[in-house]
Amino acid sequence: MPHTDPASLPIPAFADVAALSAQRSARWRPGLAAQQGPALHSELFASSREGGGAAAALAFALDDIRHVPRAEGNEARDRRSVLWVQTREAARRVGRPYRAGLPHALQGRVIHVLAEKAEDALFALEEGLRCRDFAFVLGEIAGNPGALDFTASRRLTLAGERHGVPLFLVRLDAARDLSSARMRWEIASAPSPAPRWNPQAPGAPRWRADLFRARAHAPGEWVLGEGGDGLAAQRPARAADHDGGDTAASWTAGLRQRPPPRRA
Amino acid sequence: MSGAPAASTAPRRILSIWLPSLAIDRWRLVMGEQARALADAPLVLISDTAHGPRIEAVTQIAAAAGAQRGMMLADARTLCPAVATAPSDPAGDLAFLEQLALWAQRWGPWSALDAPDGLLVDVTAVPHLFGGETLLLEDVREAFARRRLAVRMAIAPTAGAAWALAHHAPDGTIVEHHDDIERALSDLPVAALRLDQDVVTVLRRLGLKRLGDITTIGRDALQRRFRNRKSPAANPLIRRDQLLGRVPEPLLPVIAQQVPLVQRRLMEPIRHRQLLDQVVADLAQDMARELEGQGQGARRLELGLWRVDGEVIVRRLEMAAATRDPAHMLRLFAARLDDIDAGFGIEMVRLRASWAEPLALAQGDIESAAEDHGTSLAACIDRLTVRLGAQAISRPVPFASHIPERAQRWRKPLEPEPSSQGQLAFHARPLKLLDSAEKIAVLYATPDGYPQRFRWRGEVHEVVRVEGPERIAPEWWRERGGARLRDYYRIEDGQGRRYWIYRQGIIGDGRGGAPDWYLQGLCA
């Protein structure tokens, strides 16, 4: 991922960047699905030593489902099934979903597919995205299999956008290869808040989420956890310092105010 | 029990095929050239017994010379010194008969072995495909003649009657109605009742030689004579009632309903995939029409391909929900036809919905709708099943057990959920459960407490926060006596990673040495 120093760019480039920044200024936040619709293709990179990847994917999906505005006469709670696809290697590393530990809204709605190869998993994901009876599709693929190249991820993006079914693809122990995912996250577990009645016990789960690539949003880093109603996100202490404490400030604000580079 | 005809107005039609010289015919087919050399020699097939070789089957020439089935070879040799012998192969005959039974489904959707040398085919509602029952019998005779197998056959409303007619009446007898059976069979010998040899002997000694004779002495007398014989093969009254259709015979399928069935008999045997696809597409259309007429949808489909050389290839499909969409059927079958070996060609193709469920008339074309609105859940699961196999797609359902890995089972995705007790709210469970709990090496302050740090998959985790233990006792009604209890802890390490670990057993429980620690689940 090459990063170009803005100082080396010619001046007109900043005008384009400014126009682009206006579109991208909507920083990601929980509940954004109410205005923009659900995130249709997200990739979450996580380690196989923890259950954080799939858990965060479920949290994102449930947050989107909660906030997506419903059409007239369709206000009933979404009881559609959820397709959960794992390769055998991924199931070996992080285990299979356990019904009693799933979020309450999803218990009894999970349909699980165990694929031997990454090709089969991609086939299952695409068929799931084409099916109108799935609320969302969750995939777990370990490593960087050859079948999961840019073309394959583009197929998934197009299928998901055509039929409006969100896809959350958890990449276990994978390098950040090429992908057409609309949002790409790096997820790691974070220390949980102490429960009120037993401070020694692990509390409600929290994850450190790094949005490192997104089509419609600026990159950023958050600590996700359960809020009063659904997903809550805080800026981590380090990132908040960097932004001067103003979380609402646009990512590109600093870029525009930068003085033009001095020419020799 | 008034018998089978109550279920449907039209009687069942059972075709019984008897191969009187199955062993000899098969021996000739297998041996080929060598058999032709022996064509006009008296040949017998023998098996070895404790008292020397015994004759299992004889050719007509050998029978004319005096050899009989069941005779010792030495006795036959005294009658006809020129007798030629070959070993018999009853297991091979049975396997061949099984093949034949499958092949004989070309005349009806259901067939059964009638060991050792017969077949039963249910031809109910089928003869019109062949132009009537007489022509059906002609077709059967022709097909068997092509394979050089001698047959005798009959069609009757019950399997017993058909068997009796095939064995003891003129070849090709057809009995139309239940009422005609008694008259048609009254002249047959009592052996036509499919009785054991000793019972036939008893009846002969009683002077009852023909089926008609049995009615003359009254049912009560026979009832008393055979009151201890419960097996149908030992009780002539049960056999007679089965033959007349008064008592259902468990040999037959109990469902007296018509299975949706379409077939194509091909003018030219096909050998290419493209043509086969076309035929299957036509059959799928026919099947859709057939199912629509009955207001049903197929859950299981069987595609049978009859090859010219007598092989039958069967491909089965099971669908998650009833459907009658031809495009969907075709799409599912397309993946299954890749590995078919057409050999010298396929002469007949048949599609059969062996399991159908009521399906109301509804929206027609799912495929084109799928492009715009997505597929339905059932169609999606069908596609996944065909590509990945049935066991790859499942759904977790709860099961009544305390042991965590046993409290969840995997079932088919669209099966109704079994009823279960609700989950206790204070039982915190992990999001993921490893396929098998992995052993971890621990370092602890006190042997009966939780660990300070542990090593899992080659990395050391510091335990920062912990909740537990939650003690789960072994299920004594399922496990051996030596099973140890488990103390579960929910822990969080220094980086915030949350796990579910347990200690198997406690020190001093008398069920083994120092307890081991395992990591079983990953928490959210």
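**Entry 1: a bridge between chains.** I looked up V113(A) and found that its bridge partner is I393(B), in β13(B). The model I am reading is a predicted one. I then checked the strands themselves: β4(A) and β13(B), residues 393-398, run antiparallel and are joined by two bridges.

**Entry 2: where the chains touch.** I looked up the contact between the chains next. On chain A 44 residues are in contact, and they meet 44 residues of chain B. I listed the elements of chain A that give two or more residues to this side: α3 (52-67), α4 (88-94), β3 (96-97), β4 (110-115), α5 (118-129) and β7 (183-190). I noted that β4(A) gives the largest share, six residues. Sorted by class, the side of chain A that touches chain B has 21 nonpolar, twelve polar and eleven charged residues.

**Entry 3: a sheet in chain B.** I traced an open sheet of four strands in chain B, with the order β9-β12-β10-β11 and antiparallel pairing. Why do β9 and β11 of chain B each have one side without a neighbour in the sheet? I found that β9 (261-270) and β11 (312-323) stand at the edges with a single partner strand each, so one side of each stays without a neighbour there. From one strand to the next, the twist averages 15°.

**Entry 4: inside the sheet.** I followed the pairing of β10(B), residues 296-307, with β12(B), residues 346-358, and recorded ten bridges in the antiparallel sense. I picked out A298(B), which stands opposite A356(B) in β12(B).

**Entry 5: a helix across the sheet.** I looked up α14(B), residues 326-334, and saw that it lies across β10 and β11 of chain B. The helix α14(B) runs at about 135° to β11(B).

Methods:
Residues are numbered from 1 along each chain as its sequence is written. Chains are lettered from A and ligands numbered from 1 in the order in which they are written. This is a predicted model: local features need pLDDT of at least 70, side-chain atom pairs count only at pLDDT 80 or more; totals for chains, interfaces and linings use all residues. Two residues are in contact if their C-beta atoms, placed from the backbone, lie within 7 Å. Ala, Val, Leu, Ile, Met, Phe, Trp, Tyr, Cys and Pro count as nonpolar, Asp, Glu, Lys and Arg as charged, and the others, Gly among them, as polar. Two strands pair if DSSP finds at least two bridges between them. Axes are lines fitted to C-alpha atoms, for helices over the stretch in contact, and angles run from 0 to 180 degrees between N-to-C directions.
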